[in-house]
Amino acid sequence: MPVRIRWIALGAIGIPAIVIIVTVVLMSGNDAPSVITLPPPSTADGEFVPLTPFQARVLGFDVLDEVNLPQDNPFSEAKVALGRLLFFDPRLSANSAVSCASCHQPGQGWTDGLPLSFGYAGSVHWRNTPTIINSAFHPKLDWDGKALRLDIQAQGAMKGAVAMNMDPVMVEERLRQIPEYVKRFDDVFGPGGPWFDDASRAIAIFQSTILSSNVPFDRFMEGDESALSESEKRGFKLFTTTAGCSACHRGRLFTDEDFHGLGVPTPEQFSTNAIRQITFNYQLRSRGVSEEVYRTATDDPGLYLVTKVDTDFGQFRTPMLRELGQTAPYMHNGAFATLEEVIEFYNSGGGESPNLDPLLRPLGLTDQNKSDLVAFLMSLTGDPIIVEEPQLPPYKVIK
Ligand code: HEC
Ligand code: HEC
């Protein structure tokens, strides 16, 4: 074969092959990006080479996508407005004293700022309140992933004995004595209501509008490389290399949406408060664990409550790492007050658990590494998303 033709033939095979390889690598960065390891943070001569936005995208990191709403609950402005009223309305709880916003407070990054939530009057909650910012993106909700949709999660929050303790029929009857709600449910969902399920749908759509905005990391990803400081860039590289964080915290939300056991220590207030012990025992029994587990468990079983598989005991959903600057304290039980404490925990190789994740190991981070990692985590925090508490419509007798 003449040399020129050989080159053309090589090109004909080679170029499509390269295109396929690059496409596969890029596609694997979408929903469930695979773990790709990069060289350590510095080159041989000691000069630091930061990740570029392109490399970050290949690794599966990116700005947020469009929210994908379930087909049976389409978006409308009127539904958002209704959902906003309901989110702030304490009449959705049995004693008319707690609303979703009591625990998910806009001024606290849509959390309650407590290590463990306060819970319904006369009880205390047993878990840390996660933020609802960006929650519309999660395929699983709650620390054990028990809810698969925002509207179903909201129903659980309303009915839950340690959240709002409410009877769905009572919700409907209350809303039916509030003319403004009757009218709004009519407009959004058609006549005959208000219905409990529709209330949870409207709340879900409202929550799907509470999204991160003006995040330094996103500005970096959009091409403004000065949006991250040198320290934040070093932290990002550590995160994806030496520190091994991106093995679990990856994708647009910095979570694999999977479950892992880290052995996070149990805070004292989990086991020294009799009222919380009641909540704990109640959770175990109402979620159907065996008599033996009910009698012997001393800590939150996490995913085990959903699956009842022994190796899932103590595993929790990997949380997203966006908005950490607004959502302290951290972990399912609020064990850590600061990100510095979180980094120390990982640096020492995690805690104790029969199902400790094999990905955890002592990291040997320097003080500089630790502060770079904290700086990077903080660069994932955007502006506070403040929604004013609405004026709630009054009751009026309707027969
Ligand atoms: C008493 C405090 C409290 C109230 C009231 C409350 N929540 Fe929560 N919320 C929590 C706690 C604690 C969790 C974690 C529950 C778990 O993991 O079992 C949670 C979890 C969530 C999540 C899951 C977030 C994620 O990323 O997993 C969403 C969404 C949510 N709540 C929305 C609501 C809505 C909507 C309402 C009102 C209908 C509500 N919450 C009422 C404390 C509360
Ligand atoms: C083996 C998987 C895994 C690895 C590796 C990992 N994480 Fe996590 N991360 C999790 C899980 C699971 C949780 C929740 C654990 C819990 O509450 O018990 C978590 C929680 C967190 C939280 C608390 C978030 C919140 O909202 O409460 C932060 C911050 C965090 N991780 C940062 C990091 C950093 C930084 C690294 C690297 C040094 C890292 N993680 C490595 C799985 C992992």
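Q: What percentage of the 399 residues of the chain count as buried?
A: Keep in mind that we're looking at a predicted model here. A residue goes down as buried if 20 or more other C-beta atoms lie within 10 Å of its own. Run that over the 399 residues of the chain, and the buried part comes to 38%.

Q: How many helices and strands does the secondary structure of the chain come to?
A: There are two strands to count in the chain. The secondary structure comes to two strands and 16 helices.

Q: Which element gives the most to the shell around ligand 1?
A: Ligand 1 has 26 residues around it, with Cys100, Cys103, Asp142, Trp143 and Ala157 the closest. By class, that shell holds 14 nonpolar, nine polar and three charged residues. Two helices, α4 (100–103) and α5 (150–159), each put in at least two residues. With five residues, the top contributor is α5.

Q: Which element supplies the largest share of the shell around ligand 2?
A: Ligand 2 is surrounded by 26 residues, and the closest are Cys245, Cys248, Tyr330, Met331 and His332. Sorted by class, its shell gives 19 nonpolar, six polar and one charged. The largest share, three residues, belongs to α15.

Q: Which element provides the largest share of the largest nonpolar core?
A: This core has 32 residues, and Met164, Ala202 and Ile203 have the most contacts inside it. Two or more residues come from each of α3 (77–87), α4, α5, α6 (168–175), α7 (179–189) and α8 (196–207). The largest share is seven residues, and the helix behind it is α8.

Q: Which residues does Met164 touch, leaving out those up to four places away in sequence?
A: Met164 is among the residues with the most contacts inside the 32-residue core. Touching here goes by C-beta atoms within 7 Å. With sequence neighbours up to four places away set aside, the list is Leu92, Ser93, Ala94, Val98, Tyr120, Ala157 and Met158.

Q: Why should helix α12 span 18 Å?
A: Helix α12 covers residues 274–286, which makes 13 residues. The expected span is 1.5 Å times one less than the number of residues. The end C-alpha atoms of α12 agree with that, because they sit 18 Å apart.

Q: Which residue just after α12 takes a positive phi?
A: Look just past the end of α12 in the chain. The phi there is about 75 degrees, and the residue is Gly288.

Methods: Residues numbered from 1 in each chain as written. Chains lettered and ligands numbered in written order. Predicted model: local features only at pLDDT ≥ 70, side-chain atom pairs only at ≥ 80, totals over all residues. Near = placed C-beta within 6 Å. Helix = DSSP H or I, 4+ residues; strand = E, 2+ residues; numbered from the N terminus. Nonpolar A, V, L, I, M, F, W, Y, C, P; charged D, E, K, R; others polar. Core = buried A, V, L, I, M, F, W, Y, C linked by C-beta atoms within 7 Å. Buried ≥ 20, exposed ≤ 12 C-beta atoms within 10 Å, placed from the backbone. Contact = placed C-beta atoms within 7 Å.
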